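Here are some exercises to work through with the model open in your viewer. Try each task before you read its solution.

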Amino acid sequence: MASSAGNQQEYPSNMYAATAAPPPTPSTQPNHHLASSAATADALSRLLLRLPPALSLPTNRSPSTRSPPVISLSDPKLNDLILPSASQLGFFQLINHDIPSQLAGSAESESLSLFDLTLDQKESNFPKNWPLGFDADDELDAGNGTGGQSFCLDISCLTESKELALSSLLEFTRALEKLGLRIIDTLASAVGFENPVGEDPTGVCSLMWISEGQDNNDEPVMMGGFYPYVVGLQFQIRCQKYTLLTDSGWVSASPQVDSIMVTLGDIAQVST
């Protein structure tokens, strides 16, 4: 389960401008550059063939393993500790937070029950309203409900669902949202910026993303299905390895159990 806090005031229905330029019209004039273009391509091909092997791309692109920095939320030097991890890596694991493991376990159980619902129940209880609602891959089998499925929820989705018992998931989501807002405030203070959220938490939108576990051996990729976002939080209920994309390439991270894996989105990384 993952939670993400980010600026999201409106959900645009059309991301393309109405005044976009028309497609180019094919020219009716003869192209006098075809011969020279062909000669240039041949010369480029010969040049590439002469490049030394040392300039070829590496064949091994396996993620390197790196232990995420461990930061205690109760550390009096929190600002000094969080800034290097945020600016140099973009991720860290948070310990000594106020979210109990029992609450995370109960929230996971309620989340798993959502996947046991029929397809009609999923779509009726959590209608698609981008980015919120129930989502399934095109390969979803309507007969048995299998396939890549996920739920993107906010506080309103959890409170409006009267037929489902999701009290633990609601409490867990609120706890992550509160922690996410505190991390944003700490980052802003560490950098010397004024907290963009300020005294009005309605200026950001907190989303809870719940997805099925993978059946293959590939490591799940952090973070969720949100972009762009400020911070992403994931409670480590059990020992699990993740793959994250950093400036130096893909890295594998194995956070501690009961810690919270914090990843910074592009918005936060640019600021730090």
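**Exercise 1. Around L181**

L181 belongs to helix α6. Keep in mind that this is a predicted model.

Task: Find which residues L181 contacts when neighbours within four places in sequence are left aside, then look at where V204 sits.

Solution. 
- Step 1. With those sequence neighbours set aside, L181 touches V197, P201 and V204.
- Step 2. Take P201: 20 residues separate L181 and P201 along the chain, and their C-alpha atoms are 7.8 Å apart.
- Step 3. Now take V204, which lies 23 residues from L181 in sequence, with a C-alpha separation of 9.0 Å.
- Step 4. V204 sits in the loop between α6 and β7. Its relative accessibility is 13%, and the cut-off for buried is under 20%, so V204 counts as buried.

**Exercise 2. Checking the length of α6**

Solution. 
- Step 1. The expected span is 1.5 Å times one less than the number of residues.

**Exercise 3. How α2 meets α6**

Task: Describe the packing of α2 (residues 78-89) and α6 by angle and axis distance.

Solution. 
- Step 1. The two helices pack at an angle of about 90°, and their axes are 9 Å apart.
- Step 2. That angle makes α2 roughly perpendicular to α6.
- Step 3. From α2, the residues involved are L78, N79, I82, L83 and A86; they meet I183, T186, L187, S189, A190 and V191 of α6.

**Exercise 4. The surroundings of α3**

Task: Find the buried residues of α3 and the elements they pack against.

Solution. 
- Step 1. Helix α3 (residues 101-115) has 15 residues and should span 21 Å; its end C-alpha atoms are 22 Å apart, which agrees.
- Step 2. Its buried residues are L103, A104, A107, E108, E110, S111, L114 and F115.
- Step 3. They cover an arc of only 170° around the axis, so they lie on the same side of α3.
- Step 4. The face turned away from that side carries Q102 and L112, which are exposed.
- Step 5. The partners of the buried residues are α4 (119-125), β6 (149-153), α6 (167-191), β7 (205-211) and β8 (231-235).

**Exercise 5. The nonpolar cores**

Task: Which residues of the largest nonpolar core touch the most other members?

Solution. 
- Step 1. This core has 45 residues, and L94, L114, F172, I183 and I260 touch the most other members.
- Step 2. Its largest share comes from α6, which supplies eight residues.
- Step 3. Another core lies apart from it, with seven residues including L89, F91, V251 and A253.

**Exercise 6. Backbone points in the loops**

Task: Look at the backbone around P131, N96 and D258.

Solution. 
- Step 1. The W130 to P131 peptide bond is cis, with omega near 0°; P131 lies in the loop between α4 and β5 (133-136).
- Step 2. N96 is not a glycine, yet its phi is positive, near 55°. N96 lies in the loop between β4 (91-95) and α3, and is partly exposed at a relative accessible area of 47%.
- Step 3. D258, also not a glycine, has a positive phi of about 75°. Its loop connects β10 (249-253) and β11 (260-264), and D258 is partly exposed, with a relative accessible area of 37%.

Key: Residues numbered from 1 in each chain as written. Predicted model: local features only at pLDDT ≥ 70, side-chain atom pairs only at ≥ 80, totals over all residues. Heavy atoms only, no water. Helix = DSSP H or I, 4+ residues; strand = E, 2+ residues; numbered from the N terminus. Buried < 20%, exposed > 50% of the residue type's maximum accessible area, 1.4 Å probe, protein only. Arc of directions from axis to C-beta. Contact = heavy atoms within 4.5 Å. Core = buried A, V, L, I, M, F, W, Y, C linked by side-chain atoms within 4.5 Å. Axes fitted to C-alpha atoms, helices over the stretch in contact; angles between N-to-C directions. Parallel < 35°, antiparallel > 145°, perpendicular 65-115°, else oblique.
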